[in-house]
Amino acid sequence: MLLRHTPKEISERKALMINPAKTCQPIGAMYAALGIHGCLPHSHGSQGCCAYHRSTLTRHYKEPISAATSSFTEGSSVFGGQANLLQAINTIFTVYDPEIIAIHTTCLSETIGDDLPQILKKSKDEANTPEGKMVIGAPTPSYVGSHVTGFSNMVKAMADMAVPATKKNGKVNVIPGWVEPCDMEEIKRLAAMVGVDITLFPDTSGVLNGPLSGEYTMFPKGGTTVAELQGCGAAIGTLALGEWCSADAARLLDTKHKVPCRVLDMPFGLKATDRFIDALRTVGGTSVPEEISDERGQLVDMISDMHQYFYHKKVALVGDPDQLIAMTEFLVSIDMCPIHIVTGTPGKKFEKRIKEITKDVPFPVNVKAWGDMFLLHQWIKNEPVDLLIGNTYCKYIARDEDLPLVRWGFPILDRQGHQYFPTVGYKGGLRILEKILSALLDRTDRDAPEEKFELVF
Amino acid sequence: MATAKKKVVQWEPVDIKAELLKQYPAKVARKRAKQIMINEAQENSPPSEIVANVRTIPGIITMRGCTYAGCKGVIMGPTSDIVNLVHGPIGCSFYAWLTRRNQTSASGEKNENFITYCMSTDMQDSDIIFGGEKKLAAAIQEAYDLFHPKAIAVFATCPVGLIGDDIHNVARQMKEKLGDCNVFAFSCEGYKGVSQSAGHHIANNQVFTHLVGKSETEKTDKFKINLLGEYNIGGDGFEIDRILKKCGISNIATFSGNSTYDQFASANQADLSCVMCHRSINYVADMLETKYGIPWIKINFIGAGATAKSLRKIAQYFGDQELTDRVEAVIAEEMPEVEAARLEVYPRTQGKTVMIFVGGSRAHHYQELFNEMGMKTLSAGYEFGHRDDYEGRHVLPNLKVDSDSRNIEEIQVEADPLLYRPRKSPEEMQLLEEDGLKFKEYQGLNPDMDKGSIIIDDLNQYEAEKLVQMLKPDLFCAGIKEKYSIQKLGVPQKQLHSYDSGGPYAGFKGAVNFYQEIDRLVNSKVWGLMQAPWQENPELSATYVWE
């Protein structure tokens with residue numbers, strides 16, 4: 001038992017987090033910034049922050065993650081990080097020549113009170129930032145929220161690049177939230193099929209799922225361009241996918257540039273995808289092509305084919321709020337029973353929403369925001385489940401409790417494919433179902449006594 | 001294959017250096033020039049100096065991490081029965097959670113193993129404003145109530161030092177309150193020092209102060225050593241322990257792969273300290289000698305030849321014929337399999353070239369293994385080494401202590417009135433020295449590298465890419481952050497921090513694993529698949545006529 005010290009009996013903890021279901025803001029900001037074309041993310045803090053974020057993102061995406069750091073020393077922590085940041089901006093433009101630098105702060109620079117907007121203004125005034133190049137910044141104190149908050153803060157800084165527009169350009173902004181590069185690709189494919197011209201931001205497709213060709217470029221061809229971001233204010237509307245990841249950016253565009261927005265769930269599963277496609281056609285004034293209806297029909301068909309294996313199976317889930325909300329709804333819609341749901345990201349709204357979605361589940365449902373995987377494990381010990389869905393760290397619980405595991409979320413450090421096979425949209429729904437069914441039936445096969453071992457399912 | 005590429009330009013070392021510096025702003029170029037060194041032939045000229053252990057220039061994409069990573073991640077991370085509690089916002093604890101591939105077998109008496117648990121006070125903005133000491137004390141209590149560990153180690157992250165939380169005082173109070181749990185703290189805020197290295201030093205000091213010498217059980221084995229600077233990544237420590245056991249040598253304490261509280265606490269009972277990673281642990285080796293009278297030697301279990309040599313050094317120290325015979329018998333028994341594996345890959349690895357940029361010792365140690373495969377190291381350097389790791393310990397008296405190093409505590413240690421016991425008389429020590437067993441000596445990386453090879457301290461992303469493009473090595477060794485940018489260039493990369501998913505690479509069985517892994521990497525078919533037919537022959541010479 002790898003987690004053999006976890007007791008079944010649950011005691012209240014007020015100060016100690018064990019096996020977190022979240023990490024800190026800056027890594028989210030770094031991931032979001034990689035979705036801007038020609039962007040070098042920059043971590044304004046100690047070297048370790050940048051090193052840890054790059055390592056974790058690299059292990060998950062299996063792609064180069066370039067990002068720079070202000071390399072704080074004890075001296076700069078006392079006297080402020082302005083000199084470090086100004087030097088960093090100069091070094092970065094001279095050596096790496098990005099189009100744009102996206103700076104995020106850390107607990108260090110936030111605690112000492114570095115004033116990012118003031119430093120960026122100084123950089124501009126003193127011609128430290130070359131003509132035609134951009135530097136943006138997002139405050140991402142690690143002691144507030146989670147990696148999801150940091151992602152949202154950087155996406156908001158991206159939306160803030162929009163320039164005042166005199167007339168609308170007919171495009172729709174789509175903010176996908178923290179999904180895989182392939183999911184972003186899939187969202188673009190669906191929008192193109194519905195005939196809506198979208199600006200997707202951030203867009204890590206073509207950045208973090210690049211080819212192996214014998215050539216390396218720090219700035220691959222993917223990513224939302226600076227010009228596209230500047231044009232966001234001219235859009236006819238914004239669809240923000242996920243309240244936690246994307247809504248703040250959409251609301252900023254609404255407030256500053258009168259771009260109306262709708263906040264939707266992330267399009268995981270049938271119903272959330274339905275709402276996304278329906279919203280797309282409504283704001284774009286187009287009609288949904290038959291191909292999409294057919295894709296939807298295929299998903300419904302597969303749900304019907306697999307229903308016998310899913311019915312009333314209990315599931316434990318851990319991950320980030322936007323993803324969990326959509327996944328929980330999907331599981332309920334296929335008659336599975338999500339009964340333990342944990343996110344590390346704070347927010348009572350999450351618990352309320354999950355309770356609404358699971359109100360008809362015929363078992364008691366445990367849900368916690370700002371929870372941890374230690375608690376999730378204890379819940380499972382008290383009320384066992386048939387399936388666990390979450391990131392790689394779940395494998396320790398899965399092994400101890402002998403549970404089928406579907407890896408989904410961040411980070412996935414021990415399997416590959418998540419960068420390439422989308423789980424958004426109807427096709428993504430097929431992928432989720434396939435993974436769940438394989439996990440369940442592999443277990444059935446493994447456990448079946450010889451006389452019950454079946455050829456056909 | 002990578003080798004299929006033609007090396008069109010033969011670069012002179014001075015031109016390589018100039019090319020690496022070309023793009024930098026003047027100030028940056030001046031600084032980097034001192035950290036890029038063309039190795040001299042040692043016998044002819046006084047070796048040139050390299051600048052190391054200095055700040056990384058802001059904005060440079062460095063390989064380095066922070067002091068916390070060196071302290072919690074490297075030194076204390078691999079322990080099994082000590083609860084590691086990180087005081088800070090959640091990230092620092094999360095990122096150091098099982099990611100270094102330290103293996104543990106929970107050899108403690110109660111089978112305790114907390115390595116799978118990531119614990120944090122998850123500081124919030126209110127803790128930053130009002131202070132986090134109360135929360136830390138509460139978290140220690142909760143950890144104690146849940147796990148009843150022998151010890152709880154507390155680690156500071158950046159904001160802790162800035163807001164002035166006195167973690168040492170909290171630790172002291174909680175230790176007193178709990179009674180049967182040793183609680184101690186590490187002031188390893190990430191902004192201290194210039195790299196992980198400062199964190200190693202801080203960890204060495206606190207482990208020595210709070211753990212070493214605290215055991216009451218007497219170790220009675222005949223040949224007792226400590227293995228210092230071995231972290232059991234990919235099971236290296238397991239393989240070394242297997243060999244030591246077979247030789248009849250007792251490993252009292254490994255610092256710190258698969259270590260237990262009792263091992264650290266008993267380290268003062270060993271009769272010899274064997275130092276693997278000089279950079280991260282030499283402080284403890286020195287302190288063990290000063291306080292308890294345990295001499296130390298530099299050994300290396302990376303490479304089959306190096307392993308045999310290290311075992312012989314240990315046997316030589318103890319000067320026992322039975323041990324010497326047994327060591328020779330073990331080497332004789334283990335080597336044929338290693339030699340067979342080596343000869344099997346040799347025709348495919350011989351003549352290939354490699355670059356190694358890791359750590360504070362591995363960039364040196366792994367050259368042994370590559371030599372065994374007939375592979376040449378073109379260029380190497382440390383991520384966080386000091387001058388003595390490059391040039392040898394003889395430079396120590398002349399090392400400049402800058403403001404960043406001065407801030408890291410040097411603890412003063414004296415001979416313990418009760419426990420100090422010289423293991424050998426001065427005459428015996430001298431005889432051993434005369435016989436070639438050098439104590440407290442490490443010659444560093446430079447003497448083992450060819451004249452004209454490029455030695456680079458704190459190599460960064462930009463220089464790595466340039467180096468690979470210029471010299472086109474067959475293999476590049478670094479860490480996870482460097483892996484994919486190198487591989488995009490069509491050159492295989494081997495992680496020598498966490499070994500990708502491989503290992504062990506230490507000892508005899510490790511050497512076999514490494515030969516096979518490197519053979520796989522440098523001869524993989526994938527590097528020949530990068531070009532599509534239409535990219536190789538873009539000209540359309542004729543159109544196909546369908547019948």
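Tutor: Leaving aside neighbours within four places in sequence, A:N90 is in contact with A:N128, B:P25 and B:G59. Contact means that the C-beta atoms, placed from the backbone, lie within 7 Å. This is a predicted model, in which local features need pLDDT of at least 70 and side-chain atom pairs count only at pLDDT 80 or more, while totals for chains, interfaces and linings use all residues. Residues are numbered from 1 along each chain as its sequence is written, and chains are lettered from A and ligands numbered from 1 in the order in which they are written.

Student: Which helix is A:N90 in?

Tutor: A:N90 belongs to helix α4 of chain A. Helices (H or I, at least four residues) and strands (E, at least two) are DSSP runs, numbered from the N terminus.

Student: Is A:N90 buried or exposed?

Tutor: A:N90 counts as buried because it has 20 C-beta neighbours inside 10 Å. The rule is 20 or more other C-beta atoms within 10 Å for buried, 12 or fewer for exposed, and partly exposed in between, with C-beta atoms placed from the backbone.

Student: And how many residues of chain A touch chain B?

Tutor: 62 residues of chain A are in contact with 66 residues of chain B. On chain A, β1 (17-18), α2 (47-61), β3 (68-69), α3 (74-79), α4 (82-95) and α5 (107-111) each supply at least two residues of that side. By class, the side has 28 nonpolar, 25 polar and nine charged residues. Here Ala, Val, Leu, Ile, Met, Phe, Trp, Tyr, Cys and Pro count as nonpolar, Asp, Glu, Lys and Arg as charged, and the others, Gly among them, as polar.

Student: What does β1(A) pair with?

Tutor: β1(A) pairs with strand β3 (residues 119-120) of chain B, antiparallel, over two bridges. A:M17 has B:S120 as its bridge partner in β3(B). Strands count as paired if DSSP finds at least two bridges between them.

Student: Back to chain A. What is the strand order in its open sheet of four strands?

Tutor: The order is β3-β2-β4-β5, with parallel pairing. The edge strands are β3 and β5 (134-138) of chain A, each pairing on one side only. Strand β4 (residues 100-105) and β5(A) are joined by five bridges, and A:A102 has A:I136 as its partner in β5(A). Helix α6 (residues 116-125) of chain A packs on the sheet, touching β4 and β5, and its direction makes about 170° with that of β5(A). Axes are lines fitted to C-alpha atoms, for helices over the stretch in contact, and angles run from 0 to 180 degrees between N-to-C directions.

Student: What about β5 of chain B, and why is it called largely enclosed?

Tutor: Strand β5 (residues 182-186) of chain B is largely enclosed by the rest of the structure because four of its five residues are buried. Five bridges join strand β4 (residues 151-156) of chain B to β5(B), in parallel, and B:A151 stands opposite B:N182.

Student: Which residues touch the most other members of the largest nonpolar core?

Tutor: B:F357 and B:C477 do, in a core of 298 residues. Apart from it lies another core of nine residues, among them A:C107, B:M123, B:I128 and B:C158. A nonpolar core is a set of buried Ala, Val, Leu, Ile, Met, Phe, Trp, Tyr and Cys residues joined through C-beta atoms within 7 Å.

Student: Last one: how many helices and strands does chain A have?

Tutor: Chain A has 17 helices and 14 strands, and 59% of its 457 residues count as buried.

Note on methods
Contact = placed C-beta atoms within 7 Å.
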